[in-house]
Amino acid sequence: MVEARAVQTYLNYVNGEWVRSSSEEKLESINPATGELVAEAQQSTAEDVDAAVDAARDAFFSGVWSEKKPQERARVLFKIAELLRSNADTLATLLTRENGKPIKNARGEILYAANVFEYYGALARVVLGNIPRYGSSDVSLVVKEPVGVCGLIVPWNSPIQLASWKLAPALAAGCTIVLKPSEYTPAISLEVAKLISSIEELPRGVLNVVTGPGDPTGSALVKNTKVDKISFTGSTETGRRIMEMAAVNLKKINLECGGKSANIVFDDANLEQALRGALWGIFRSAGQSCNAGSRLLIQETIYDEFVRKFVELAKGIKVGNGLDPSTEMGPIISERQLNRVLSYIKSGVDEGARLLYGGKRLTEGELAKGFFIQPTIFDNVSRDMRIFQEEIFGPVVCVIPFKDEREAIEIANDTKYGLAGNIWSRNLFRIMRVARGVRTGTLWVNRHLNPGPEPPFGGYKQSGIGREQGIEGLMEYLETKHICLEISEAFGGPER
Ligand code: NAD
C-alpha cells in the first residue's frame with residue numbers, strides 16, 4: 001500500500017497558541033505497517049513543559065474554567081464528542097497510520113472516546129458533596145473542588161480512548177490540563193487537540209499539549225511542583241518511576257499500569273463463544289492491550305480439544321496493514337518493541353515451553369517493511385517462566401491447564417499484576433466464586449471489554465492506583481473540602 005501524503009509538522013498547543021519547542025530536534029512518528037514517516041512533532045524540553053504548566057496554572061487560578069457553570073462545562077464536553085463523531089473517519093485513518101491497529105478498531109476507539117466525553121459531560125452537572133449536621137447551630141458543608149493543574153501522560157496503544165479517560169473527567173471537574181501524548185502517537189493526539197481548540201467556549205490555557213519522549217518531556221511534567229496531579233497510563237516500570245518523582249510535592253497520582261490477565265475457560269462454557277473471546281482477547285491489537293488475555297487457563301477436561309481449535313483459529317488470522325479493511329491483526333508499534341517481543345518468545349523456548357504456533361517475524365511481501373509478528377501460542381508453561389510472569393505486550397499467549405476452581409484462582413492470582421480477566425462458564429455460582437477469588441479490578445464474564453464508560457476500570461496490585469471511567473474516574477479529579485459553619489451568632493440562631 002503506497003502512501004503519497006505530505007509529511008506534516010505538528011506544534012505544541014500552549015495557552016491557546018500553536019508553538020514550537022525551544023529544541024531544534026523533532027519527534028518522528030513512523031507508520032509501523034510500512035516504516036514510513038507519518039509526521040513530525042516537537043521534541044519538547046523541560047522549558048516547554050514549564051511554560052505549558054504556567055499557562056494551565058494561570059487558567060486555573062483565574063477561574064475561567066473552574067468557576068464556569070456546570071452546564072457550560074458540560075456543553076464543551078458535548079461539543080468535543082460531536083467533533084470526534086463527525087471526524088471519526090479521518091481520525092481513524094490517521095490513528096491506523098500512526099498506531100497500526102485495524103481501521104475498524106481505530107474507528108471504534110474514536111467513537112468510544114466520544115461516548116466518554118458525553119458521559120462526563122452529563123456527570124459535570126451532578127452536584128456532589130453533602131451536608132452532615134451536628135446540632136441546631138452547626139452546619140458542615142462537604143464540598144468537592146477541582147484538584148487543580150493536571151499532568152496527563154498517555155501511552156500509544158489506544159491513544160485517544162485513554163486520553164479521553166483523563167481529559168473528560170478532568171474537564172468536567174474544572175481542572176486545567178497539560179497533556180503529554182506518547183512519542184509514538186503525537187499526530188493523532190494533536191489532530192484531536194486541534195478539533196478541541198476550535199471550541200470557542202473553552203478558554204485558552206485550559207488544555208495544553210506538549211509532545212516528546214518520556215524523558216525529558218514526561219519527567220519534567222511529573223517533577224514540576226506547580227502540577228497538582230499526575231494521571232498516568234503506561235507500564236508498571238514507568239509508573240513506579242512516576243510515583244517516585246511525584247513525591248517531590250506529594251502530587252496526587254493515578255496510575256493505570258500493565259497487566260497479565262487470565263482468561264479462564266471452564267468445561268461448562270459455551271465453547272464456541274469462549275474460543276472467539278479468548279482469541280480476540282489476546283490477538284486484538286496484536287496483544288498490545290493492557291487487558292490482553294495473555295494467560296489462557298483451560299479446564300483439563302476440555303484442554304486438548306480447546307487448544308487444537310484455538311491454534312486452528314489463530315492460524316487463520318489475517319495479519320497486515322490496518323488500512324486494509326480485511327486485516328484482523330496489525331503490526332507491533334516499533335522495531336524496538338518487536339525485538340522485545342521476539343526476545344520474550346526466545347526466552348519461552350529457552351526455558352522449556354512448547355511453541356504450538358507462531359513465534360516468527362512476518363516478512364513476506366509488503367509485510368517486510370513493517371513490524372509484524374505471527375500470533376504466537378505456547379503451552380507446557382510453568383509459573384516461574386518469564387512468559388508467564390511478565391507483560392510481553394505482543395501477540396503471545398501462554399496456555400495452561402487447570403483442574404478445578406481453586407486451582408484456576410490460584411494460577412490467575414500468581415503474578416504481580418491485577419488488571420482484568422475473563423471467566424467463561426454457564427454456572428452462575430461458579431462464576432461468582434471465581435470472580436470474587438481473582439484479585440483484579442475487572443472481570444468480564446462470557447465477554448471481553450466494557451460496553452461503555454459507566455463502570456470503573458483500574459488495577460489491583462501492581463497494575464495501578466485509582467480508577468478511571470465511572471463516577472470513580474471523576475472523583476480522581478476532585479478534592480474534598482469541609483467547611484464547618486457555626487450559625488448561632490452570625491445568623492441569630494438559637495443560643496446554646
Ligand atoms: P510507557 O510506560 O513506556 O509510556 C507511557 C507514557 O509514559 C508515554 O507517554 C511515555 O512517554 C511516558 N513516560 C515514559 N517514561 C517516562 C518518565 N520517566 N517520566 C514521565 N513519563 C514517562 O508505556 P507504553 O509502552 O507507551 O504503553 C504500554 C504500557 O501501557 C503497557 O504496560 C500497558 O499495559 C500499559 N497500559 C495500561 C492501561 C491501563 O488502563 N491500565 C491501558 C493501556 C496501556
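In which sense do strand E4 and E5 pair, and over how many bridges? The structure is a predicted model, in which local features require pLDDT of at least 70 and side-chain atom pairs count only at pLDDT 80 or more, whereas totals for chains, interfaces and linings use all residues. Residues are numbered from 1 along each chain as its sequence is written, and side-chain values use heavy atoms, with hydrogens and water left out.

Strand E4 (residues 26–30) pairs with E5 in the antiparallel sense, over five bridges; strands are DSSP runs (E, at least two residues; helices are H or I, at least four), numbered from the N terminus, and pairing requires at least two DSSP bridges. Glutamate 28 stands opposite glutamate 40 in E5. Six residues lie between the strands of this hairpin, in which glycine 35 adopts a positive phi near 75°. Strand E5 (residues 37–42) also runs parallel to E1 (residues 8–9), to which two bridges join it; alanine 39 of E5 is the bridge partner of glutamine 8.

Around the ligand are 31 residues, of which Val154, Glu183, Thr238, Cys257 and Glu391 come nearest; a residue is near if one of its heavy atoms lies within 4 Å. Polar contacts are pairs of N or O atoms within 3.5 Å. An oxygen atom of the ligand lies 2.5 Å from a polar side-chain atom of glutamate 391, and a ligand oxygen atom is 2.8 Å from a backbone N or O atom of valine 154. The elements giving two or more residues to the shell around the ligand are helix H7 (214–223), strand E10 (229–233) and helix H8 (236–246).

Definitions and conventions. A polar contact is a pair of N or O atoms within 3.5 Å; within protein, one must be able to donate a hydrogen and the other to accept it, and residues adjacent in sequence count only if both atoms are side-chain atoms.
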